[in-house]
Amino acid sequence: MNKKTLVFFIIFFIIIGISAYLNYSGIKWSLPNDSHYYSYHPDEGINIGGAIRIFGGAKEPGFYNYSSLYFYLVAYALSFSSSFGILNLGETLTADNLRTIYMCGRMTSVIFSVLTVALVMLTGYRLKRKKIGLAAGLFCALCPIFIMHSKFIAVDITCGFFVALTIFLSTYLIKTENINPFAKSERKTFLLPLILSFVAVGLAMGTKYNGLIVFLVPLCVLIFSLIKKQLSIKDFILLFIMGGAFTLITFLITTPGLFLNTGQFIKDFTYELNHMKIGHGDEFVNTGLGLIYTFKENMYWGMGLIFSIISVIALIYGFFTKNTLIKSVGIFIIIYYISASMGQVRFARYIIPLLPAFSLISAFMLVDIYQKNNKIYKTFAVIGILIILGQNGWSAFRTDMSMTVLDNRDTVYNTLISDYKKITIGLPTVPWFYSPPFIKETSVMRSQRYDFAKECKEFNLLCQEEEKDEWNSEFLIENMPEYVLISSIEEFHKKRVGNKNYEEYMKVINENYQPEQVWKGFNIGPTEPTNKYYLPSDMTYIQPDFTLYKLKKD
């Protein structure tokens, strides 16, 4: 090992250490306890249910809004914990058991997030450009959305890993000479990596359906080889068919519910398609063109402004280079970006599978410019890298801090228990993940949550059961509770879109109530809809704001 390679791997492991720290730190955010049996992330309870079902002996998760691989991986983590006596499930789930289950699911995400950073760096190493790999690894490791969601039980981080794995394996398909893929000499150096790259595509699709789009990376590498006449049309067609077959087979193996539970698979898959068409309540109403929104909000806050701008410039820059992989990755980015932007549901986490690709092309451009014999170019590259690392380093610190301190929901609840015992509290909606832990069971249907709210012993909670009765000003006037508690999560989009029920409700509040206490959460960006740029909704699960209003005295 020469000196440069040694230096690369020393820095490589330092970056891995940074990534591991940032992704693991804060992993205990809002874990189940005696106050609440589920975390404050609305999807974790649903996702963990599929893994528990498999762990309990079922052959499939029974839930198909997403593909199934991630649920199997979490179930394996549960089995591993159980075999070492860490997890001991009885007939009923306890808070302690749920904490362990959540930790198994979250550790799965942490492991794949760190491995993603490693693969991004190794891809640069494979391109014979060590500096590209190191810069790309840092860019990816410091992304706020990457750090935040690496601690959640969700499919996005793991899908991003398999995207990175596909890109990495595709580097082995780039040749400088003619390719005879079925020759004995090419089996290990070309054919095997090609098969593995399409298996990785199948794994990406087996984690999240639109992970299939990364199929474009190895496919485009083959197309460029065909254009350069390094590959015959006959071999290209055979490799294309082979790639499609391995992708499909891998997907079917990782999501066997297509056969084992066809009815539920069709029901959930079509639900998710309709969900993307219809939207998600008020959350994305009046947010404009999806292609712009994804950049203006999701990339802006999820990646940082400078990294987002440089990624767009690098995307264009890549098509003017001779590097086949960078062009192929660019094509994947465009198609995936469009697919993530065209629906009426536009969560920030949808860009996570793009982070390895954005990191790679941005690092490629900046390092490539730096190595040109021009002081202006070198200055631009150095400033670009330093600003990305500085801005995202600060955001990474704030993101990590927001998940290591006590969540604002717990702070509010502790204050209410201490200073406002047995009071009557009006709530505009039924308690859920955005509320203090008035109820222990939040990962259940609305009607059940309503029943639990009525049974609350610590406070007299007044709310309406039906969704159509949320923010009901008439109900508020009729009851006039002594206090009303509102969280920023439930209020935000109602205020942003000018919801009439919300406005009438707040009119009653402003006329009859006064702010008693305000709890500001430790967040990484603005949560007020009056801001030109506001934090995407799935980045506000952490540390929401609360306002407690008190009825004015006559």
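A polar contact is a pair of N or O atoms within 3.5 Å; within protein, one of the two must be able to donate a hydrogen and the other to accept it. The legends below describe close-up views of a predicted model.

**View 1. Thr171 and its polar contact with Arg126.** The side chains of Thr171 and Arg126 are joined by a polar contact of 3.2 Å. Thr171 belongs to the loop that runs between helix 7 (156-170) and helix 8 (187-207). With a relative accessible area of 5%, Thr171 is buried. When neighbours within four places in sequence are left aside, the residues in contact with Thr171 are Thr123, Arg126, Leu127 and Leu325.

**View 2. His275 in helix 12.** Helix 12 spans residues 262-278 and contains His275. The side chains of His275 and His280 make a polar contact of 2.9 Å. His275 has a relative accessibility of 15% and counts as buried, because the cut-off for that class is under 20%. Not counting residues up to four places away in sequence, His275 touches His280 and Val345.

**View 3. The cysteines Cys140 and Cys143.** What keeps the sulfur of Cys140 from a bond with that of Cys143? The two sulfurs are 5.9 Å apart, which is too far for a bond, because a disulfide requires cysteine sulfur atoms within 2.5 Å. For Cys143, too, the nearest cysteine sulfur is that of its partner in this view, Cys140, and Cys143 is in no disulfide. Cys140 is buried, at 0% relative accessibility, and Cys143 is buried with a relative accessible area of 0%. The structure as a whole holds zero disulfides.

**View 4. Phe332 in the largest nonpolar core.** This core has 104 residues, and Val329, Phe332 and Ile333 are those with the most contacts inside it. Helix 16 (residues 355-370) gives the most to the core, with 11 residues. Leaving out neighbours within four places in sequence, Phe332 is in contact with Val163, Ile213, Val214, Leu216 and Val217, and also with Pro353, Leu354 and Ala357. Another core, of 24 residues, lies apart from the largest one; Ala51, Ala77, Leu87 and Met103 are among its members.

View 5. Strands of a sheet pair through backbone hydrogen bonds, in either the parallel or the antiparallel sense. Three bridges connect strand 1 (residues 424-426) with strand 2, and this pair is parallel. In that pair, Thr424 stands opposite Asn460 of strand 2. Strand 3 and strand 5 are antiparallel and pair over five bridges; the bridge partner of Leu485 is Leu548 in strand 5. Strand 4 and strand 5 also run antiparallel, joined by six bridges. Opposite Trp519 stands Phe546 of strand 5.

Conventions. Residues are numbered from 1 along each chain as its sequence is written. This is a predicted model: local features need pLDDT of at least 70, side-chain atom pairs count only at pLDDT 80 or more; totals for chains, interfaces and linings use all residues. Side-chain values use heavy atoms; hydrogens and water are left out. Two strands pair if DSSP finds at least two bridges between them. Helices (H or I, at least four residues) and strands (E, at least two) are DSSP runs, numbered from the N terminus. A nonpolar core is a set of buried Ala, Val, Leu, Ile, Met, Phe, Trp, Tyr and Cys residues joined through side-chain atoms within 4.5 Å. Buried means under 20% relative accessible area, exposed over 50%, partly exposed in between (1.4 Å probe, protein chains only). Contact means heavy atoms within 4.5 Å.
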